[in-house]
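This report goes through a structure part by part.

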Amino acid sequence: MSPATRWYRTALVALLAAGAAPAAAQRDSTPGPRITHSLIYHDQLRRVILVDGYASPQMPDSTELWSWDGAVWSRLPGAGPTARSASAAVYDTQRDRLMLWGGWVGKQGGLRNDTWEWDGARWRAGSDSTPRPRGHFAMAYDEARGVTLMFGGDDRSGPAWPSNSWSWNGINWRQVATAGPPGRAVTAMAYDSKHKVVLLFGGVGLSPAEGQPQPSFGDTWVWNGQSWLQRAVTGPSPRNRHAMTFDRRAGVVLLYGGNSGGRAGMSEEHGDMWQWDGEHWTEIPLTGPTPGPRSLHAMAYDAARGVTVLYGGSSNGELMSDTWEWDGHRWQRIIPR
């Protein structure tokens, strides 16, 4: 880390710790309505960070980063790569970098396969763009092996979607598997630090023929760093456009919501919640207020405060801009200051 970056990071951490947005940041009540965005927990900043997504009514010119401290959403300063949706972002704990890859650039800009990293001060482009451009794929940072794992997505190439897996080590992309889950999009993955595996559940496949419905998956897979293993278990109903995150305190992967069909708005949205303990899925009974049925939302576990944060998504065709937190027992809607 350069002296300039170290200085900026120190100043940013101090400002966030004091409960204030950075001097150059724009503070609004929320990041606004979002779908296909990413939420990550940044261990050094000790904040949940929102990255990109489709913003209504108009997508901004460049990537947005927003910080959540449990009470205030703050827009972090600095111009990033071209704004995009259906991309994915993760936090690389070993290298202290936020990593962003692929997605749709602008509303008509097409698919990308560019790699970007944010070091807390500035964005830098990676030089390797080996995987084919795609959107609606899944990524998770595999902490045990120090790499980012990427799987699936819609690359608009037909007649099948990618079923290969790639890893990013900070310098290069490397294909690590061709066997495993069938190709799919709008799936979800989460790294389970208790069992040191990446968990994948659900997603939607490409229609087998013109006029036929897209298959919605309800299968569970784990990546152990060498290969994908399918777990023959019962659990959530087949779905896509759901969100997952790992609850470090409880030691379980949490899953919320999703959509049961191939086309958003044409099938049932779910408002149920499940947990994976490494062997079994168990539905979590919900009481009181909940985020309700929704899809294309995002979740991240806030390790500093011991809660899971959920933001945005689509509910009955409406783009949402609400913030919810799960404390291990119940959901609470948070009204930002």
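## Confidence

The chain has a mean pLDDT of 88, and 89% of its residues reach 70 or more; pLDDT is the predictor's confidence in each residue, from 0 to 100. Over residues 1-27 the pLDDT is below 50, although this stretch has 48 contacts in the model beyond near neighbours in sequence. A contact means heavy atoms within 4.5 Å. Where pLDDT is low, the predicted coordinates should not be read in detail.

This is a predicted model, in which local features need pLDDT of at least 70 and side-chain atom pairs count only at pLDDT 80 or more, while totals for chains, interfaces and linings use all residues. Residues are numbered from 1 along each chain as its sequence is written, and side-chain values use heavy atoms, with hydrogens and water left out.

## Overall make-up

Helices (H or I, at least four residues) and strands (E, at least two) are DSSP runs, numbered from the N terminus. Of the 337 residues in the chain, 57% are buried. Buried means under 20% relative accessible area, exposed means over 50%, and partly exposed lies in between (1.4 Å probe, protein chains only). Among contacts between residues at least 6 apart in sequence, 50% join residues at least 24 apart.

## The largest pocket

Rolling a probe the size of a water molecule over the atoms shows where empty space is left. The search uses a 1 Å grid over the protein atoms alone: a cavity is a set of points where a 1.4 Å probe fits but cannot get out, a pocket is an open set with protein on both sides within 12 Å along at least five of seven lines, and lining residues have an atom within 4 Å of a point. Grid points are joined across faces, edges and corners, and a volume is the space filled by probe spheres set on the points.

The largest pocket holds about 950 Å³ of space. Its lining has 41 residues, and L39, M139, M189, M244 and M299 lie nearest the centre. Strand 2 (38-42), strand 8, strand 12 (138-142), strand 16, strand 20 and strand 24 (298-302) are the elements that give two or more residues to this lining. By class, the lining of the largest pocket has 26 nonpolar, eleven polar and four charged residues. Here Ala, Val, Leu, Ile, Met, Phe, Trp, Tyr, Cys and Pro count as nonpolar, Asp, Glu, Lys and Arg as charged, and the others, Gly among them, as polar.

## Cavities

There are two cavities of 30 Å³ or more in the structure. The second largest cavity has a volume of about 30 Å³, and its lining is made up of T63, E64, L65, R75, L76, P77, G78, W118 and W123. This lining divides into five nonpolar, two polar and two charged residues.

## Two buried aspartates

D92 belongs to strand 8 (residues 88-92) and is buried, with a relative accessible area of 2%. The side chain of D92 reaches the backbone nitrogen of R95 at 2.9 Å, and a polar contact of 3.1 Å joins it to the side chain of Y141. A polar contact is a pair of N or O atoms within 3.5 Å; within protein, one must be able to donate a hydrogen and the other to accept it, and residues adjacent in sequence count only if both atoms are side-chain atoms. Neighbours within four places in sequence aside, D92 is in contact with R97 and Y141.

D119 sits in the loop between strand 10 (111-118) and strand 11 (123-125) and is buried at 4% relative accessibility. A polar atom of the D119 side chain lies 2.8 Å from the backbone nitrogen of A121. The side chain of D119 also makes a polar contact with the side chain of R124 (2.6 Å).

## Buried loop residues

G152, in the loop between strand 13 (147-151) and strand 14 (165-168), is buried at 0% relative accessibility. Its C-alpha atom is separated by 5.4 Å from that of R184, 32 residues apart along the chain.

Most residues other than glycine have a negative phi. V186 has a positive phi of about 40 degrees and is found in the loop between strand 15 (173-177) and strand 16 (188-192). R241 has a positive phi of about 60 degrees, and its place is in the loop between strand 19 (228-231) and strand 20 (243-247). V186 is buried at 9% relative accessibility, and R241 is buried with a relative accessible area of 12%.
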